[in-house]
Amino acid sequence: MPRFIPFLIIALVICISTCTTFAENDVINSGTIQGKAIEYGKEKIPIKGLIVTIISPDGKELTVKTDENGNYKFSNLPAGNYTLKYLQEGFERESRGSESVKVVNGKNHVVELKMVDLFKRAKRMVKYRILPMLYHVTDNISKRHNLEQERVGAIRKALQKSIEQVLENRKDLSTFAINWSPSNIDLLETLLLHPDIKAVFTKHLTELSLKAINNFIKERQHRENQASIYYSTVLLDKILSLSADQRQKVMQSRFDMENDAWQNVLTKTQKKILMWANQENTETSIKRQIRNVPNVIIDANIAAAELKELKRKAEILESDERTKQLVKAIFAAHTEQLGNLNEHASLLLSLAAKSVAQKYLETKKIMFLYHDTEVRLINAIEKNEITPQRAFQELKELSEILWDEKEENSQPDKNNGRMEHFEFHFFTRFTQIASSRRSRVYGWIGGKKGFNTEIYIITELNDPTLDILYHPLYQQTLKDVLSQNEYAQYTQIQVERDNFRQQALRNLVVAEMDTLIFLDDDQREQFEKITIPFAVPPLTEDPQRNMFDQLIEQIDNEILSQWQQNYLHSYLSDLDEI
């Protein structure tokens, strides 16, 4: 045997050992994303052939298909942030269409894909919502126009056959599966535009009956629009302190669709409030645009510079200065209702307003600290780094530290449904908001519903701006500086404003009920009478839901048709889950 052979063998062993070591290092220095695709629901049926794609930090795409057991796997992935997407005709993700996964060296990351079968959803929609609704409308029209029962039956059969054919051919599946708007009037309008459904009504109904269906839709849309304008005027009044005459002119101008003409009735102070409030909304929109850049991790300094430039172009003041101007204008507009005050009274009111405004600014900064922690925990939940229960507890503990308040101080009084009115510390309203948001973090991210982080994290932070006029320091100063007669007049003005607000809420819930279950004239009149004694306290977190709940408690099922009862029950069940 030649003498060099042993050296060759040694070299080969070293090479194999080295290669094995490198291979082991590659495994150690990489991660895995894997999981299972299942149908959302109790049965958890595996989904075969689902296309799963990941986008690497450098923009490259890797794609696999789930096997017959619904499993997928991406191996040997370098550490970094990956975007996970999934696609298969007839399916969609129960919560979102894509998500970010942070791969760590040597770690296995499991992401379960809960998918909704749109075809099954569509069949349920047709059976329990769409056909019963179309039958109800047909019955309504038949009563108005004395249609023969044979014709009504023919319409029903034709509608069922037409929709079943659409489903079997999987045509226009989105019409039946995607439309989850609670407004049945919107769904009805969409369905009547579908050529197959439109053809059924055209074949079996006279031109007068077809026109009646269109009027049926337009009447409810008009009433809903009127009620929405009425209530949005309430929201304007809340921040602008409109006079009774201004409220009517603003409403009428908006009813007549005169664009921004309603602003002509405002005082200079009220116009300033709108300007500062619009700037607040513009800044929020700009921040939202920056956060929504897809698949890009934006450096904080770059984002800040871009925001500053956009704000400069929009001539937006810095947040603190704008808030000071906004709060100052809100108090000024409210004080203008009092007419000419003497110098001493004006000074005391000004000092009280300044003190409340300063405290508001300080407390708002604390709220943003809470908000930043909340966003961090939401992201951690979505990455499975923390449980919703733990996030809820951390936020609760932080709230108690920031406001030095216990949980019971920020809850509604269950005996009468009224919110506490600043009885403990300045702007207890913040803790009411914080408490509500904690429940949503726990319930939505950890529960049954999908969760839109982007919408969630920008909402409610400015709500307390509208509540500062209720602060006891300002209200007590008003009582001190006004004569008994002047204070009585001021109180009467506030009573009139609240009456206007309560009536707007009543109109809104009846109009919304009409778009849900299609009230006839007698039913709508009964609902309007039922709501007359209803009232919602100021500072109630969700006044529309409060008024709606009062109406639900008083409804006598005997005045509703079977379809109306069934749909209302289904709608309320979904509402309770949210």
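Arg-501 and Asp-498 sit three residues apart in helix H17, so about one helical turn separates them. Helices here are DSSP runs of H or I with at least four residues, strands are E runs of at least two, and both are numbered from the N terminus. This is a predicted model: local features need pLDDT of at least 70, side-chain atom pairs count only at pLDDT 80 or more, and totals for chains, interfaces and linings use all residues. Residue numbers run from 1 along each chain as its sequence is written, and side-chain values use heavy atoms, with hydrogens and water left out.

**Salt bridges**
- A salt bridge is a side-chain nitrogen of Lys or Arg within 4 Å of a carboxyl oxygen of Asp or Glu. The count by this rule is 13.
- Arg-501 pairs with Asp-498, with the closest N and O atoms 3.1 Å apart. Arg-501 is buried at 15% relative accessibility, while Asp-498 is partly exposed at 29%. (Buried means under 20% relative accessible area, exposed over 50%, partly exposed in between, with a 1.4 Å probe and protein chains only.)
- Asp-245 bridges to Lys-249, the closest N and O atoms being 3.2 Å apart. These two residues are four apart in helix H8, so about one helical turn lies between them.
- Arg-524 bridges to Asp-514 at 3.4 Å between the closest N and O atoms. Arg-524 is in helix H18 and Asp-514 in helix H17, so the pair ties together parts ten residues apart in sequence.
- Arg-524 is buried at 11% relative accessibility. Asp-514 is buried too, at 3%.
- A network of salt bridges links Glu-219, Arg-220, Arg-223, Asp-514, Asp-521 and Arg-524.

**Helix H7 and positive phi**
- Helix H7 covers residues 207–240, and its 34 residues should span 50 Å at 1.5 Å a residue; the end C-alpha atoms are 48 Å apart, which agrees. The expected span is 1.5 Å times one less than the number of residues.
- Just after H7, Ser-241 takes a positive phi of about 55°. Ser-241 lies in the loop between H7 and helix H8 (244–255) and is buried at 3%.
- Phe-518 also has a positive phi, near 55°, and is not a glycine. Phe-518 sits in the loop between helix H17 (484–517) and helix H18 (521–531) and is buried at 1%.
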